[in-house]
Amino acid sequence: MAHFSIVQNYINGEWSTPATETYLEVTNPATIEILSKVPLSPASEVDRAALAAHTAFQTWRRTPATERIQYLFKLKTLLEEHFEEIAQTITLESGKTLAEAKGEMRRAIENVEVACGIPIMMQGYNSEDIARGIDEHMIRQPLGVTAVITPFNFPGMIPFWFMPYAIACGNTCIIKPSERVPLTMQRIFTLLEQTGLPKGVVNLVNGAKEVVDALLDHAAIRSISFVGSTGVAKYVYSRAAANGKRAQCQGGAKNPVIVLPDADIAMTTKIMADSAFGCAGQRCLAASIAITVGDAKNTFTDAISEAATSRQVGFGLDSGVQMGPVITDQSKVRIESIIQQAETEGATVLVDGRSTRISGYETGYFVRPTILQNIDPRGETAKTEIFGPVLSLIHLDSIEAAIALVNQSQYGNMASLFTSNGAAARKFRYEAEAGNIGINIGVAAPMAFFPFSGWKDSFFGDLHGQGWQAIEFFTQTKVIVERWHDWTRQF
Ligand code: NAD
């Protein structure tokens, strides 16, 4: 298993330690063992990376797409060979279970596979004779240097929503991982190095706000792909746009799920428990509010409370564990204070996950699954992204009232419905104001060949990550109108 004493940057094909006095500890949240130290790089590291990426771009963009994707085929092979070990690194630094970490890496690899289709996906189109003897073509060209800034909760997958498409399209790329989970990308970059990619095509700069600001301000960087909390997403989007950059910024979420009385309650409960408590609720697609309609109230409340109580919590590498810790002590304190606030607002704590101590892991940052009943739909708990294993229940009388509550949210990342009624399902998918919709699905995660389609305060920009939209984002269109006078004949 890979352990690194000090996390390094990878710039212009070389590993290096930045000149800084500021380091953060990288900690296993289940054991609080210190795994490594990560440097908070100064802005000068971004300058070095941008220069390397800009220089590499001149040759990389001239490399045929069919040749560029050969590196991605090699990367796919290397990721498969090191699959287990990378998944273990994800578990160690983020706390999620090994099965969840493997699921994350599977999704990452699928993005590499889709990006291997670039030779056809990047094609343009043309029309002959837009006027007599004049033809017009649209071609796609890469942007130049692109930057990717990612959050802590999917250290392996999220950079892959962007990087494979960026480089396959002929761009070069700088990745800044979350400073809380830098080890996974560190390991993946050793594999990128083994693919033989030319120097400067991919670069890794570790750090925090200073690095992000330098990426947003650097003149050579043409685009920013960001995933994180809504406040930071808004900030990144505004500053990138003010500097004339293309930006796609995915933000936070508060995902509602409606349970109708005709839903299969056993199936719904199993799926909902996975959605709300999987990855300890630290997923932007986690179910956060369950809105039960009519008679679903009693059946679902009892079943989900039982599922919450019986979930096996512990260290993600131990067998049988279904849920790991949350990422930091501050996170645990914040989640527990939101549960307290819900109580103050009049909610009942049906299942209380506070003050959890796991035998053998007493110091870990554990919060057990928690169920809040009758939260105030207009209160703070109903609006706040908890990002922990907490499911709030609200009971309403009709699907219309439930959809109205879904649409009142400031967020629009995901909304789901559980039902056996096709007309109700159609009404919901037609009216719900969210970009990812689940019908009898708890985590409506789009595959690599569909856009990850957040709305409202869950996304700032026009073009989302993954699939065709990634190709649109990482290329600029050029239109050529062409006339060749044929001297041998009269028009
Ligand atoms: P975060 O916003 O704290 O950090 C994200 C990135 O921004 C990190 O790389 C961090 O170093 C940087 N950053 C943090 N504060 C900054 C600042 N003030 N200025 C500049 N850069 C800053 O997010 P997080 O806690 O790592 O991740 C959890 C959040 O991400 C949740 O809100 C979750 O919903 C969201 N998320 C969204 C999606 C999505 O697809 N919409 C996916 C995963 C996570």
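Predicted model: local features only at pLDDT ≥ 70, side-chain atom pairs only at ≥ 80, totals over all residues.
Contact here means heavy atoms within 4.5 Å.

F277 also belongs to the largest nonpolar core, which has 66 residues. I258, M272, F277, F300, I371 and L391 touch the most other members. A nonpolar core is a set of buried Ala, Val, Leu, Ile, Met, Phe, Trp, Tyr and Cys residues joined through side-chain atoms within 4.5 Å. Buried means under 20% relative accessible area, with a 1.4 Å probe and protein chains only. This core takes at least three residues from each of domain 1 (9-251 + 458-479) and domain 2 (255-439). Apart from it lies another core of 62 residues, including M157, L192, C279 and I471.

The domain bounds come from an automatic or database domain assignment. The table describes how the two domains meet.

| Domain 1 and domain 2 | Value |
|---|---|
| Separation of centres, over C-alpha atoms | 31 Å |
| Buried area (accessible area lost on being put together, 1.4 Å probe, summed over both) | about 1900 Å² |
| Salt bridges (Lys or Arg side-chain nitrogen within 4 Å of an Asp or Glu carboxyl oxygen) | 0 salt bridges |

Of the buried area, 67% is on carbon and sulfur atoms. In domain 1, P29, A30 and S458 lose the most area to domain 2, together 25% of what that side buries. By contact, 23 residues of domain 1 meet 25 residues of domain 2.

Residues are numbered from 1 along each chain as its sequence is written. Local features need pLDDT of at least 70, side-chain atom pairs count only at pLDDT 80 or more, totals for chains, interfaces and linings use all residues, and side-chain values use heavy atoms, without hydrogens and water.

Note on methods:
Buried < 20%, exposed > 50% of the residue type's maximum accessible area, 1.4 Å probe, protein only. Buried area = accessible area lost by both parts, 1.4 Å probe.
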